[in-house]
Amino acid sequence: MGKLLVVSLDEAEKGIFDKILEIVNEADISIDRKLDESQSDIQIDGLSIMPGKHKVIKKGKETNLTNIEFRIFYVLALHQGITLSKEKIYNYVWNGEYLQDDSNITSHVRRL
């Protein structure tokens, strides 16, 4: 049986959370994490990602994304600077078993 680790950090400790994710990803440890769209908005260089509203605002203009495109974009924004495999992206976005068919992810990422 595996071990369960629950971490609760406030916004000021985001760097610690990012470091934990980096270590987990580098060690290729399997983690179950559902996409938490109740998180606060993400701001990146003139880009605002609002998970609660499924909106992306770039330089004051809303960018139209499908639900899946938004979820992929949001996952990538949450993991800035961390390389995610197609399997991990799939697990975050679809919450299901990865079927080794990455053409779906590739087409969505290409559009983004």
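**Helix packing, sheet and cores**

The axes of α2 and α3 come within 9 Å of each other and cross at roughly 120 degrees. Axes here are lines fitted to C-alpha atoms, for helices over the stretch in contact, and angles run from 0 to 180 degrees between N-to-C directions. Helices (H or I, at least four residues) and strands (E, at least two) are DSSP runs, numbered from the N terminus. This is a predicted model, in which local features need pLDDT of at least 70 and side-chain atom pairs count only at pLDDT 80 or more, while totals for chains, interfaces and linings use all residues. Residues are numbered from 1 along each chain as its sequence is written, and side-chain values use heavy atoms, with hydrogens and water left out.

**Helix pairs**

- α2 and α3 are therefore oblique to each other (under 35 degrees counts as roughly parallel, over 145 as roughly antiparallel, 65 to 115 as roughly perpendicular, and the rest as oblique).
- The contact (heavy atoms within 4.5 Å) is made by Ile68, Arg71, Ile72, Val75 and Leu76 of α2 and by Ile89, Tyr92, Val93 and Trp94 of α3.
- The axes of α3 and helix α4 (residues 103-111) come within 10 Å and cross at roughly 85 degrees, which makes α3 roughly perpendicular to α4.
- On the α3 side, Lys86, Ile89, Tyr90 and Trp94 meet Asn104, Ile105, Thr106 and His108 of α4.

**Sheet**

- Four strands form an open sheet in the order β1-β2-β3-β4, with antiparallel pairing (two strands pair if DSSP finds at least two bridges between them).
- β1 (42-44) and β4 (61-63) stand at the edges with a single partner strand each, so one side of each has no neighbour in the sheet.
- Strand β2 (residues 47-50) is joined to strand β3 (residues 55-58) by four bridges, and Ser48 has Ile57 in β3 as its bridge partner.
- α2 packs on the sheet, where it touches β1, β2 and β3, and its direction makes about 115 degrees with that of β2.

**Nonpolar cores**

- The largest nonpolar core has nine residues: Ile72, Val75, Ile82, Leu84, Ile89, Tyr90, Tyr92, Val93 and Ile105.
- The largest share of this core, four residues, comes from α3.
- A second, separate core has eight residues, including Ile42, Val56, Ala77 and Leu78.
- A nonpolar core is a set of buried Ala, Val, Leu, Ile, Met, Phe, Trp, Tyr and Cys residues joined through side-chain atoms within 4.5 Å, where buried means under 20% relative accessible area (1.4 Å probe, protein chains only), exposed over 50%, and partly exposed in between.
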